[in-house]
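Hi everyone, thanks for coming. Today I'd like to walk you through one structure, helix by helix. Please have a look at it first.

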Amino acid sequence: MTTPTIMAGKLRIPVVAAPLFIISNPDLVIAQCKAGVVGSFPSLNARPIGVLDEWLDRITTELKAYDEAHPDSPSAPFAVNQIVHRSNDRLDQDMELCEKYQVPIVITSLGARVEINERIHAWGGIVLHDVIDNKFAKKAVSKGADGLIAVAAGAGGHAGVLSPFALIQEIRDWFDGPLLLSGSIANGGAVLASQAMGADLAYIGSAFIATKEANANLAYKQALVDYASNDIVYTNLFTGVHGNYLAPSITANGLDPQNLPTSDASKMNFGSGSNGIAKAWKDIWGCGQGIGAITAILSTSDLVQRLTQEYVTAKENLASVVIEKS
């Protein structure tokens, strides 16, 4: 197992919280890091760009103060997600701010770029790149990514279509660096299962939407409690890239979730939607297939506590099975 050095001794449970479009904010990131998991947010959540400066200043200042007050149990590091696709006209400015605040972890998405990775390495940060198949995994590592996030079928947001068993196996055939798994992970047992398959860390998104600190409206959070995997639709309509979304939120915006048109992938949009439905984009609710494990709206601290207890229990149960069969 290869946990990045920057995380060593700082994680309560082997979890990185995924950056959630619109939803991840400083309140959530700080709570995640204090609870002992890597907190993250997309840089594009901070709008206009001056807000990103404010967010990074607050996050670094508050976590530094927390670490000084808790030297025996410091906070986990935080990460900023950068969309490195050429359509992101804010990338250079956002990277300047990440460099200013020495962001420890940068999660790159939608493209792998050598110059971006080298810039992050220059200030001592590490790069985790999300991929949906083995081809993109090899490309990312060849361009300097330190670790990979395997986005398997069932993940929220821009999900892949491959089974986690297949995806992890193929990547582990050649890659021995930090490997994270994303896809329907919403309880501690699934965290342990991801490690059993060969991942180092679990990448969890949807469960953190239903937390008190998340920047999601109450109806969205409650929907994650009320609905399950069969209420999710896989479509590329809203951004040009395929992702999983709650069907009831699509219906509420006047669309038929079972008869959605296909979007033009060459016209990716990550801010306000596409295909003439910009006003509806903010109310289309993304989530992964693991939402059946979400049974209540919790504080981030309580969620991490639940995940940790489930993880410990799963380990104990596995150990008892091994002993029984030996």
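**How the helices pack**

Let's start with H2 and H3, which pack at an angle of about 15 degrees with their axes 10 Å apart. Before I go on, a word on where this comes from: it is a predicted model, in which local features need pLDDT of at least 70 and side-chain atom pairs count only at pLDDT 80 or more, while totals for chains, interfaces and linings use all residues. Residues are numbered from 1 along each chain as its sequence is written, and side-chain values use heavy atoms, with hydrogens and water left out.

Helices (H or I, at least four residues) and strands (E, at least two) are DSSP runs, numbered from the N terminus. Axes are lines fitted to C-alpha atoms, for helices over the stretch in contact, and angles run from 0 to 180 degrees between N-to-C directions.

Back to our pair: H2 and H3 are therefore roughly parallel to each other (angles under 35 degrees count as roughly parallel, over 145 as roughly antiparallel, 65 to 115 as roughly perpendicular and the rest as oblique). Which residues make the contact? From H2 they are Ile49, Leu52, Asp53 and Leu56, and from H3 they are Gln93, Asp94, Leu97, Cys98 and Lys100; contact means heavy atoms within 4.5 Å. These residues divide into 5 nonpolar, 1 polar and 3 charged. Here Ala, Val, Leu, Ile, Met, Phe, Trp, Tyr, Cys and Pro count as nonpolar, Asp, Glu, Lys and Arg as charged, and the others, Gly among them, as polar.

On its other partner, H2 (residues 49-69) meets H1 (residues 26-35), where the axes come within 10 Å and cross at roughly 25 degrees. H1 and H2 are therefore roughly parallel to each other. H1 brings Pro26, Asp27, Val29, Ile30, Cys33 and Lys34 to this contact, and H2 brings Trp55, Arg58, Ile59, Glu62, Leu63 and Tyr66. By class, that gives 8 nonpolar, no polar and 4 charged residues.

Is H1 enclosed or open? In H1, 8 of the 10 residues are buried, so H1 is largely enclosed by the rest of the structure (buried means under 20% relative accessible area, exposed over 50%, partly exposed in between, with a 1.4 Å probe and protein chains only). Among the buried ones are Leu28, Ala31 and Gln32. Just after H1, Gly36 takes a positive phi of about 105 degrees.

Next, H3 (residues 91-100) and H4 (residues 114-122) have axes that come within 10 Å and cross at roughly 15 degrees. That makes H3 roughly parallel to H4. The contact uses Leu91, Asp92, Met95, Glu96 and Glu99 of H3 with Ile116, Arg119 and Ile120 of H4. It has 4 nonpolar, no polar and 4 charged residues.

**A helix with two sides**

Now to H5 (residues 134-142), where Asn134, Ala137 and Ala140 are buried. Down the axis of H5, its buried residues fall within an arc of 120 degrees, so they line one face of the helix; the arc is that of the directions from the helix axis to the C-beta atoms. On the other side of H5, Lys135 and Ser142 are exposed. The cover over the buried residues of H5 includes strand S5 (126-131), strand S6 (147-151) and helix H6 (164-172).

**Two single residues**

Finally, Ser182 is in strand S7 (residues 179-182), and it counts as buried at 8% relative accessibility. Thr295, in the loop between H11 (278-281) and H12 (300-325), is exposed, with a relative accessible area of 63%.
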